Amino acid sequence: MRKKISIIGSGFSSLSASCYLAKAGYDVSVFEKNDTVGGRARQLIKDGFTFDIGPSWYWMPDIFEKFFNDFGKSVSDYYQLDKLSPAYKIFFSDDVITIGDHMDKICEEFERIEEGSSKPLRKFIARAQDHYDIAINKVVLKPGLSPFELVTKETITRVDRFFKTISQEVRKNFKNPKLISTLEFPVLFLGAKPNHTPSFYSFMNFADFGLGTWHPRGGMYEIIKAMKSLAESLGVSMHTNSNVEKINVIDGKPTGITVNGKVVNSDVVLSGADYHHSETLLDQPYRQYSEAYWDKRTFAPSSLLFYIGFDKKLKNVEHHNLFFDTDFELHAEEIYDDPKWPKNPLFYVNFPSVTDQSMAPKDCETGFFLIPIAPGLEDTPELRQQYFDLIIKRFEKRTDQSVQNHILFKESFCVNDFISEYNSYKGNAYGMANTLMQTAFLRPKLKSKKVDGLYFTGQLTVPGPGVPPSLISGKLVAELIQKHEA
Ligand SMILES: Cc1cc2nc3c(=O)[nH]c(=O)nc-3n(C[C@H](O)[C@H](O)[C@H](O)COP(=O)(O)OP(=O)(O)OC[C@H]3O[C@@H](n4cnc5c(N)ncnc54)[C@H](O)[C@@H]3O)c2cc1C
């Protein structure tokens with residue numbers, strides 16, 4: 001008889017694992033508490049406007065391609081990918097930097113800001129590419145079981161790069177504050193401050209400038225639709241509106257899960273829900289990590305988000321826009337060192353309808369505004385409105401247009417929603433940060449040490465936050481399950 005595996009949650013990591021496990025011959029069922037699959041990558045469709053409510057940056061196209069290749073498919077079998085040109089725009093208080101779609105254009109822009117800066121930039125990106133090759137081919141595909149996984153002939157000769165920070169590396173080569181912010185931006189995706197992130201992670205800069213920024217036509221949810229369709233074609237059964245209330249364990253082995261009050265028997269349980277929440281589904285003796293453990297971790301930020309339908313086309317904006325027109329350092333301190341609502345936050349705005357008209361009605365614009373904030377902050381309607389007023393005024397000023405009278409509707413999402421929608425620890429948006437002390441074998445484990453047959457996947461375990469790492473996390477856990485649960 002085929003072994004039955006119940007998977008909790010339907011984010012990228014769960015969907016990825018479900019495909020690998022079904023291909024390996026297991027009987028796989030996915031249970032998602034919400035009414036659609038996708039986890040943090042769900043979609044909001046309203047009055048003809050389409051919003052990706054979570055991830056919007058499609059980086060590392062090679063990882064997506066490899067995922068589909070593992071099943072004899074290609075990305076192009078499911079969705080059309082466009083390379084964005086320009087990739088994105090950064091608004092500073094006195095200038096705008098445009099990041100083009102290849103290195104020559106980016107070098108020209110760096111030269112405009114600081115003469116002579118293209119030479120160190122090319123060197124920096126060549127080193128970042130070296131890190132990318134090692135990270136993707138040698139390091140990231142390890143399950144985080146032991147420190148020795150990190151010891152390869154490639155890493156041993158570059159060990160200093162794990163102990164120097166990305167901030168030190170960038171500041172050694174560049175003096176202009178705008179160029180420094182531009183080069184420190186990609187590691188923000190890893191959830192920690194650049195001065196707490198090992199310089200080895202400059203592979204994110206290669207992902208940015210070397211591989212480019214892409215857009216699946218129709219939005220990021222196209223990836224979820226593709227993975228769902230692939231999983232179903234492999235025999236996975238999907239259950240939405242299925243809240244998992246308990247992971248049932250007898251004598252240290254899982255017997256199944258309780259879903260909406262009913263017991264579902266299974267031989268193996270895999271949770272892709274937030275790790276902290278997953279452990280609360282177990283009786284106390286079977287939990288591996290204490291509340292104090294979780295409280296001491298560095299979590300990636302939460303976010304205050306606004307999804308807005310505009311009744312006109314906006315000017316001076318691109319698909320991706322970063323507003324770095326205030327103090328980067330101060331905002332980072334207000335997220336990590338002294339958590340509080342930021343005085344004058346940086347923010348990000350996404351207008352997918354600038355390049356993809358299917359995302360908005362004719363002559364309209366779909367806008368998604370994001371302010372990163374510390375997890376666990378108080379979240380009230382008044383605070384949301386206060387921050388909306390603040391950023392929309394800055395947006396109008398920096399882009400030189402009035403937009404407030406052109407808002408057809410506005411929805412918001414913040415800490416309380418991350419908790420109620422996803423059972424997210426302290427309302428984190430994208431998991432646990434990749435600091436040196438939270439890398440690889442130092443992250444919460446894929447395989448439970450206390451329940452033989454219980455596994456975890458997703459952005460709180462290895463390799464870390466982001467869509468590509470979540471795809472890899474699903475693959476790693478599926479390999480472990482095949483090894484231990486044959
Ligand atoms: C606003 C935002 C912007 C982001 N931007 C980017 C980006 O541009 N690019 C990028 O690469 N990454 C981005 N990320 C990060 C990326 O979205 C995540 O790392 C990734 O989606 C996490 O996937 P996951 O599988 O770990 O978990 P999740 O997506 O969180 O999936 C977990 C699922 O488990 C379900 N669940 C929880 N508890 C239960 C239960 N008891 N029973 C049943 N189901 C349960 C949840 O509802 C959820 O669907 C962003 C994230 C956010 C929130």
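**Entry 1: helices α3 and α4.** I looked at how α3 passes α4 in this predicted model, and found a right-handed crossing (the near helix turned clockwise from the far one by less than a right angle). Helices here are DSSP runs of H or I, at least four residues, numbered from the N terminus. α3 covers residues 103-113, and its axis sits 9 Å from that of α4, at an angle of about 140° (axes are lines fitted to C-alpha atoms over the stretch in contact, with angles from 0 to 180 degrees between N-to-C directions). The pair is therefore oblique, a label for whatever is not under 35 degrees (roughly parallel), over 145 (roughly antiparallel) or 65 to 115 (roughly perpendicular).

I then listed the contact residues (heavy atoms within 4.5 Å): α3 brings Met103, Asp104, Ile106, Cys107, Phe110 and Glu111, while α4 brings Ser118, Lys119, Leu121, Arg122 and Ile125.

**Entry 2: Glu396.** I found Glu396 in helix α14, residues 381-399. Glu396 counts as buried because its relative accessibility is 16% (buried is under 20%, exposed over 50%, partly exposed in between, with a 1.4 Å probe and protein chains only).

**Housekeeping.** Residues are numbered from 1 along each chain as its sequence is written, and side-chain values use heavy atoms, without hydrogens and water. Local features need pLDDT of at least 70 and side-chain atom pairs 80 or more, whereas totals for chains, interfaces and linings use all residues.

Notes: Helices (H or I, at least four residues) and strands (E, at least two) are DSSP runs, numbered from the N terminus.
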